[in-house]
Amino acid sequence: MEVLEAMERAGAIPIAVLEDEEEARFFADAMRKAGLPVIEVTFRTAAAAEVIRYLRQVDPQLIIGAGTILTPAQAAQALQAGAQFIVSPGFDSELAAWCRSADVLLIPGVATPSEVMAALRHGLYTLKFFPAEAMGGTKTLEALAPVFPQVRFIPTGGIRLSNLADYLKLPNVIACGGTWLADRRLIRERRADALIHQAQEARALVEQIRTEIIA
Ligand code: 3PG
(Lines give C-alpha, C1' and ligand atoms only; values in the text may rest on other atoms or scores of the structure.)
Protein backbone atom coordinates (compact mmCIF):
# COMPACT_ATOMS: atom_id res chain seq x y z
CA MET A 1 0.00 0.00 0.00
CA GLU A 2 1.19 3.47 -0.74
CA VAL A 3 2.59 5.36 2.24
CA LEU A 4 0.24 8.33 2.06
CA GLU A 5 -2.74 6.06 1.64
CA ALA A 6 -1.69 4.11 4.74
CA MET A 7 -1.32 7.36 6.69
CA GLU A 8 -4.74 8.54 5.66
CA ARG A 9 -6.27 5.22 6.53
CA ALA A 10 -4.64 5.19 9.99
CA GLY A 11 -5.58 8.82 10.68
CA ALA A 12 -3.13 9.00 13.56
CA ILE A 13 0.63 8.58 13.42
CA PRO A 14 2.56 7.84 16.59
CA ILE A 15 5.81 9.77 16.79
CA ALA A 16 8.16 7.63 18.82
CA VAL A 17 11.47 8.15 20.51
CA LEU A 18 12.83 4.61 20.72
CA GLU A 19 16.03 3.70 22.50
CA ASP A 20 16.78 0.19 21.26
CA GLU A 21 15.49 -2.77 19.26
CA GLU A 22 13.73 -4.52 22.10
CA GLU A 23 11.85 -1.37 23.02
CA ALA A 24 11.03 -0.79 19.35
CA ARG A 25 9.61 -4.28 18.95
CA PHE A 26 7.47 -3.89 22.04
CA PHE A 27 6.10 -0.56 20.89
CA ALA A 28 5.52 -1.56 17.27
CA ASP A 29 3.64 -4.71 18.37
CA ALA A 30 1.36 -2.56 20.52
CA MET A 31 0.64 -0.17 17.66
CA ARG A 32 -0.06 -3.00 15.23
CA LYS A 33 -2.51 -4.53 17.70
CA ALA A 34 -4.25 -1.18 18.03
CA GLY A 35 -4.47 -0.60 14.28
CA LEU A 36 -1.83 2.10 13.88
CA PRO A 37 0.75 0.54 11.56
CA VAL A 38 2.37 3.82 10.42
CA ILE A 39 5.08 4.92 12.84
CA GLU A 40 7.45 7.86 12.74
CA VAL A 41 10.71 7.04 14.49
CA THR A 42 12.46 10.24 15.45
CA PHE A 43 16.15 10.81 14.85
CA ARG A 44 16.52 12.05 18.40
CA THR A 45 18.40 9.03 19.66
CA ALA A 46 21.63 7.50 18.45
CA ALA A 47 19.71 4.25 17.90
CA ALA A 48 17.15 5.68 15.44
CA ALA A 49 18.61 4.24 12.24
CA GLU A 50 19.16 0.82 13.81
CA VAL A 51 15.63 0.83 15.18
CA ILE A 52 14.23 1.60 11.73
CA ARG A 53 16.33 -1.15 10.11
CA TYR A 54 15.22 -3.63 12.74
CA LEU A 55 11.50 -2.82 12.52
CA ARG A 56 11.53 -3.06 8.74
CA GLN A 57 13.06 -6.52 9.06
CA VAL A 58 10.87 -7.96 11.77
CA ASP A 59 7.54 -6.64 10.52
CA PRO A 60 7.29 -5.74 6.84
CA GLN A 61 3.60 -4.83 7.34
CA LEU A 62 4.60 -1.76 9.30
CA ILE A 63 5.16 1.55 7.53
CA ILE A 64 8.17 3.13 9.17
CA GLY A 65 9.34 6.67 8.60
CA ALA A 66 12.14 8.76 10.02
CA GLY A 67 11.28 11.96 11.86
CA THR A 68 13.14 15.05 13.04
CA ILE A 69 15.37 14.79 9.98
CA LEU A 70 17.34 18.00 9.56
CA THR A 71 19.97 17.25 6.91
CA PRO A 72 20.47 15.24 3.72
CA ALA A 73 23.08 13.17 5.59
CA GLN A 74 20.50 12.10 8.15
CA ALA A 75 17.98 11.42 5.39
CA ALA A 76 20.55 9.21 3.65
CA GLN A 77 21.15 7.30 6.86
CA ALA A 78 17.41 6.83 7.36
CA LEU A 79 16.83 5.72 3.81
CA GLN A 80 19.68 3.24 3.99
CA ALA A 81 18.06 1.80 7.11
CA GLY A 82 14.83 1.30 5.18
CA ALA A 83 12.75 4.34 6.13
CA GLN A 84 9.73 4.62 3.86
CA PHE A 85 9.22 8.33 4.42
CA ILE A 86 11.13 11.27 5.84
CA VAL A 87 9.69 13.97 8.09
CA SER A 88 11.42 17.25 8.88
CA PRO A 89 10.25 19.83 11.42
CA GLY A 90 10.71 22.68 8.95
CA PHE A 91 11.24 23.28 5.27
CA ASP A 92 14.78 23.05 3.89
CA SER A 93 15.27 23.25 0.13
CA GLU A 94 18.50 21.24 0.21
CA LEU A 95 16.78 18.41 2.03
CA ALA A 96 13.82 18.61 -0.35
CA ALA A 97 16.13 18.38 -3.37
CA TRP A 98 18.00 15.46 -1.86
CA CYS A 99 14.82 13.50 -1.09
CA ARG A 100 13.55 14.14 -4.57
CA SER A 101 16.74 12.84 -6.16
CA ALA A 102 16.68 9.80 -3.84
CA ASP A 103 13.04 9.25 -4.75
CA VAL A 104 11.88 9.14 -1.14
CA LEU A 105 8.75 10.82 0.17
CA LEU A 106 9.51 13.93 2.24
CA ILE A 107 6.87 15.43 4.49
CA PRO A 108 8.37 18.76 5.50
CA GLY A 109 7.14 20.88 8.35
CA VAL A 110 5.50 24.20 7.47
CA ALA A 111 3.76 26.82 9.55
CA THR A 112 3.29 29.80 7.21
CA PRO A 113 2.02 30.47 3.66
CA SER A 114 5.57 31.27 2.51
CA GLU A 115 6.77 27.88 3.68
CA VAL A 116 3.86 26.18 1.94
CA MET A 117 4.85 27.99 -1.26
CA ALA A 118 8.47 26.88 -0.89
CA ALA A 119 7.31 23.27 -0.48
CA LEU A 120 5.03 23.52 -3.51
CA ARG A 121 7.95 24.78 -5.57
CA HIS A 122 9.61 21.46 -4.82
CA GLY A 123 6.54 19.49 -5.84
CA LEU A 124 5.53 18.65 -2.27
CA TYR A 125 1.81 18.64 -1.55
CA THR A 126 1.51 16.71 1.69
CA LEU A 127 2.98 18.79 4.49
CA LYS A 128 3.38 18.54 8.22
CA PHE A 129 1.77 21.52 9.95
CA PHE A 130 4.12 22.11 12.86
CA PRO A 131 3.92 23.09 15.66
CA ALA A 132 0.18 22.89 15.07
CA GLU A 133 -1.31 24.16 18.31
CA ALA A 134 1.28 26.91 18.81
CA MET A 135 0.84 28.14 15.23
CA GLY A 136 -2.89 28.70 15.43
CA GLY A 137 -4.20 25.14 15.19
CA THR A 138 -7.36 24.47 13.22
CA LYS A 139 -7.94 28.18 12.57
CA THR A 140 -4.70 28.43 10.61
CA LEU A 141 -5.49 25.27 8.64
CA GLU A 142 -8.94 26.64 7.78
CA ALA A 143 -7.37 29.89 6.60
CA LEU A 144 -4.84 28.04 4.44
CA ALA A 145 -7.46 25.76 2.84
CA PRO A 146 -8.93 28.11 0.19
CA VAL A 147 -5.53 29.50 -0.77
CA PHE A 148 -3.84 26.12 -1.11
CA PRO A 149 -6.58 23.69 -2.21
CA GLN A 150 -3.96 21.26 -3.53
CA VAL A 151 -2.25 20.85 -0.15
CA ARG A 152 -2.98 18.20 2.47
CA PHE A 153 -1.68 18.57 5.99
CA ILE A 154 -0.54 16.32 8.79
CA PRO A 155 -0.85 18.55 11.87
CA THR A 156 1.58 17.74 14.62
CA GLY A 157 2.57 19.45 17.84
CA GLY A 158 0.26 19.73 20.81
CA ILE A 159 -2.26 17.22 19.49
CA ARG A 160 -3.84 14.84 21.97
CA LEU A 161 -7.00 12.76 22.05
CA SER A 162 -8.91 15.83 23.32
CA ASN A 163 -8.31 17.93 20.19
CA LEU A 164 -7.73 15.19 17.60
CA ALA A 165 -11.32 15.30 16.31
CA ASP A 166 -11.17 19.05 15.63
CA TYR A 167 -8.28 18.49 13.24
CA LEU A 168 -9.59 15.33 11.61
CA LYS A 169 -12.82 17.09 10.70
CA LEU A 170 -10.96 19.46 8.39
CA PRO A 171 -10.99 18.38 4.73
CA ASN A 172 -7.34 19.40 4.26
CA VAL A 173 -6.12 17.10 7.06
CA ILE A 174 -5.24 13.50 6.18
CA ALA A 175 -3.90 12.42 9.57
CA CYS A 176 -2.47 13.82 12.78
CA GLY A 177 0.88 12.99 14.31
CA GLY A 178 1.93 13.05 17.90
CA THR A 179 4.10 11.80 20.69
CA TRP A 180 1.06 11.38 22.91
CA LEU A 181 0.59 7.96 21.31
CA ALA A 182 4.14 6.97 22.25
CA ASP A 183 4.37 8.06 25.84
CA ARG A 184 7.96 7.54 26.97
CA ARG A 185 7.04 6.42 30.47
CA LEU A 186 4.54 3.84 29.22
CA ILE A 187 7.11 2.50 26.78
CA ARG A 188 9.87 2.38 29.37
CA GLU A 189 7.59 0.58 31.82
CA ARG A 190 6.40 -1.78 29.04
CA ARG A 191 2.76 -0.95 29.69
CA ALA A 192 1.39 -2.47 26.52
CA ASP A 193 -2.25 -2.35 27.64
CA ALA A 194 -2.13 1.39 28.28
CA LEU A 195 -0.39 2.10 24.97
CA ILE A 196 -2.85 -0.08 23.07
CA HIS A 197 -5.80 1.53 24.85
CA GLN A 198 -4.66 5.05 23.92
CA ALA A 199 -4.03 4.08 20.32
CA GLN A 200 -7.40 2.32 20.08
CA GLU A 201 -9.13 5.42 21.42
CA ALA A 202 -7.48 7.43 18.67
CA ARG A 203 -8.43 4.84 16.05
CA ALA A 204 -12.04 4.83 17.23
CA LEU A 205 -12.18 8.60 16.97
CA VAL A 206 -10.74 8.51 13.47
CA GLU A 207 -13.42 6.02 12.41
CA GLN A 208 -16.15 8.04 14.08
CA ILE A 209 -15.14 11.27 12.34
CA ARG A 210 -14.82 9.56 8.98
CA THR A 211 -18.29 8.06 9.32
CA GLU A 212 -19.72 11.44 10.27
CA ILE A 213 -18.05 13.10 7.29
CA ILE A 214 -19.47 10.54 4.85
CA ALA A 215 -22.96 10.61 6.40
C1 3PG B 1 7.36 16.10 16.63
O2 3PG B 1 8.35 15.38 16.72
O3 3PG B 1 6.80 16.31 15.55
C4 3PG B 1 6.83 16.74 17.88
O5 3PG B 1 7.53 16.35 19.00
C6 3PG B 1 5.39 16.40 18.04
O7 3PG B 1 4.81 17.21 19.00
P8 3PG B 1 4.05 16.58 20.25
O9 3PG B 1 5.14 16.06 21.15
O10 3PG B 1 3.30 17.73 20.86
O11 3PG B 1 3.16 15.49 19.77
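In this predicted model, an oxygen atom of the ligand sits 2.7 Å from a polar backbone atom of Gly-158. On its own the ligand exposes 310 Å², and the protein buries 83% of that.

**Ligand surroundings**
- Lys-128 takes part through its side chain, where an N or O atom is 2.6 Å from an oxygen atom of the ligand.
- Thr-179 also contributes a polar side-chain atom, which lies 2.5 Å from a ligand oxygen.
- Which residues are around the ligand? They are Ile-15, Arg-44, Lys-128, Phe-130, Thr-156, Gly-157, Gly-158, Arg-160, Gly-178 and Thr-179.
- Sorted by class, this shell holds two nonpolar, five polar and three charged residues.

**Nonpolar core**
- In soluble globular proteins, nonpolar side chains tend to be buried together.
- Here the largest nonpolar core counts 81 residues.
- The residues with the most contacts inside that core are Met-7, Phe-27, Ile-39, Val-41, Leu-55, Ile-86 and Phe-153.
- Taking Leu-55 from that list, and leaving out residues up to four places away in sequence, its touching partners are Ala-24, Arg-25, Ala-28, Val-41, Leu-62 and Ile-64.

**Helix 8 and its cover**
- Helix 8 spans residues 161-168, and its buried residues are Asn-163, Leu-164, Ala-165, Tyr-167 and Leu-168.

**Thr-138, in helix 7**
- Thr-138 has its place in helix 7, and its contacts beyond four places in sequence are Asp-166, Tyr-167 and Leu-170.
- Thr-138 and Leu-168 are 30 residues apart along the chain, while their C-alpha atoms are separated by 9.5 Å.
- Is Thr-138 buried or partly exposed? Thr-138 counts as partly exposed because its relative accessible area is 22%, and buried means under 20%.

**Thr-42, in strand 2**
- Thr-42 belongs to strand 2, which covers residues 38-42.
- With a relative accessible area of 0%, Thr-42 is buried.
- Setting aside neighbours within four places in sequence, Thr-42 is in contact with Ile-15, Ala-16, Val-17, Ala-48, Gly-67 and Thr-68.
- One of those partners, Ile-15, is also among the residues around the ligand.

Notes
Residues numbered from 1 in each chain as written. Predicted model: local features only at pLDDT ≥ 70, side-chain atom pairs only at ≥ 80, totals over all residues. Heavy atoms only, no water. Near = heavy atom within 4 Å. Polar contact = N/O pair within 3.5 Å; in protein donor to acceptor, adjacent residues only side chain to side chain. Areas by Shrake-Rupley, 256 points an atom, 1.4 Å probe, with all protein chains shown as cover. Nonpolar A, V, L, I, M, F, W, Y, C, P; charged D, E, K, R; others polar. Buried < 20%, exposed > 50% of the residue type's maximum accessible area, 1.4 Å probe, protein only. Helix = DSSP H or I, 4+ residues; strand = E, 2+ residues; numbered from the N terminus. Core = buried A, V, L, I, M, F, W, Y, C linked by side-chain atoms within 4.5 Å. Contact = heavy atoms within 4.5 Å.
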